[in-house]
Amino acid sequence: MKALEPTLLPEPAEVDLEPLVRRAAAGSVEAFEAIYRAQVGRVMAICLRLCGGRRSEAEDLAQETFVRAWQKLDLYRPGTEFAAWLRRLAINVVLSSRRSARRRWRREQSLAPARPAASDPSRSLDLERAIARLPAHQRHVLVLHDVEGMQHEEIARCLGIRPGTSKARLHRARARLKQEFAR
Amino acid sequence: MKDLQRRLRELPRQVPPASDLWPAIEARLGSARTPGGRRREWLAPSVLAAAALLLAVVGAYSLFGGQAGRPAVPSPEPSGVVAPPLAGETAARTAQHFEIVLEPLRRGLDRRRGELSAETLRVVDEQLRIIDRALAEVRRALAADPQNLRAERFFGDLYLSKVRLLEHANRLPAGT
């Protein structure tokens, strides 16, 4: 499994997406490419973390996210935050892909128990690896809540679980990470 | 636990793909539909000229060990090119953002000028001049057509090349 690598790229300048979305919705591939350029890093980060660090799978899902975004642009409501809409779409693409790929999911479960982080736990790369080693159901909640900043109610809707279940999974995920770094 | 949560919040928000996903995405858009059909926005000749310059930069960069996908480079010497004011708000923000990133890299290279060989400095400075000329070309294209998205994107790519070049130059071992 290829682990996440922290980006060395500077944060891109904030791009006003609304005019681009309007043009893309009217059929401009150029405008949609500009949206892709501005958002691919964010979409890729979400896909990669939810996938447990498998880069090629994450890239396939990021690609799928943008194709679906193009197809669904007319469903986007202007005035709401487009980046958040795209993020939600990426999450749905990853989760639906995982729901339909039972064999891949089972393989991941069998790989989940792993050796603890070997080096300085203060480094984000170690943290990324530790997240990737979490069981998928815990990792999804942890990434969506603690990294992406989503609320339990929204996470519950995405994952098809109850908010209480989301809270319990988050608690277990954090405890597991804490335990790993305490070794 | 609070430290763990803080570190989770501070994880990088951007993870670039290993390669550009756009060509594969664009190929798939052909079978998708959107209201109004699709249209292309073609590059102005001056932007194509800048693209040729960037290719020259990339070629020269690879000659002295640059790694694709790794941030690098800045530019110390003024190119002597007079750049027109930026027309588009997004391009202006891009320039402002990258100038902030570039400033410490330029200073870093200036501090290292005594450590690097004359040949290395000549190559770096030449590449910086090429990038600056290309930036000026794209500025002209944007002045003529502020809605030219491809020029706008190329403008950002050029700045990123400059950052990568300077970062790389700052990492070169002494005596290189």
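I count a salt bridge when a side-chain nitrogen of Lys or Arg sits within 4 Å of a carboxyl oxygen of Asp or Glu. Ground rules: this is a predicted model, so I take local features only at pLDDT of at least 70 and side-chain atom pairs only at pLDDT 80 or more, while totals for chains, interfaces and linings use all residues. Residues are numbered from 1 along each chain as its sequence is written, chains are lettered from A and ligands numbered from 1 in the order in which they are written, and side-chain values use heavy atoms, with hydrogens and water left out.

**Entry 1: charge pairs**

Side chains of opposite charge can pair when their charged atoms come close. I searched the whole structure and got 25 salt bridges over all chains. One of them pairs B:D20 with A:R37, with 3.0 Å between the closest N and O atoms. B:D20 is in the loop between α1 (2–9) and α2 (22–29) of chain B, and A:R37 is in helix α2 (residues 29–50) of chain A, so this pair joins two chains. For helices I use DSSP runs of H or I with at least four residues, for strands runs of E with at least two, numbered from the N terminus.

Next I looked up burial, where buried means under 20% relative accessible area, exposed over 50%, and partly exposed in between (1.4 Å probe, protein chains only). B:D20 comes out partly exposed at 38%, and A:R37 is partly exposed at 29%.

Then I checked a pair inside one helix. A:R129 and A:D126 form a salt bridge, closest N and O atoms 3.8 Å apart. Both are in helix α6 (residues 124–133) of chain A, three residues apart, about one turn of the helix. Buried or exposed, what is A:D126? A:D126 is buried at 4% relative accessibility, whereas A:R129 is partly exposed at 36%.

B:R113 is partly exposed at 21%, and B:D110 is partly exposed at 43%. I also noted a network: B:D3, B:R6, B:R7 and B:E10 are joined by salt bridges that share partners.

**Entry 2: cysteines**

How many disulfides are there over all chains? I get zero from the whole-structure search, taking a disulfide as a pair of cysteine sulfur atoms within 2.5 Å. For A:C51, the closest cysteine sulfur is in A:C47, 6.2 Å away, which is too far for a bond. A:C51 is buried at 0% relative accessibility. I looked at A:C158 too, and A:C158 is buried at 5%.

**Entry 3: helices**

Chain A has nine helices and zero strands. Of its 183 residues, 54% are buried.

The axes of α2(A) and helix α3 (residues 55–72) of chain A come within 9 Å and cross at roughly 140°. Axes here are lines fitted to C-alpha atoms, for helices over the stretch in contact, with angles from 0 to 180 degrees between N-to-C directions. That makes α2(A) oblique to α3(A): under 35 degrees counts as roughly parallel, over 145 as roughly antiparallel, 65 to 115 as roughly perpendicular, and the rest as oblique.
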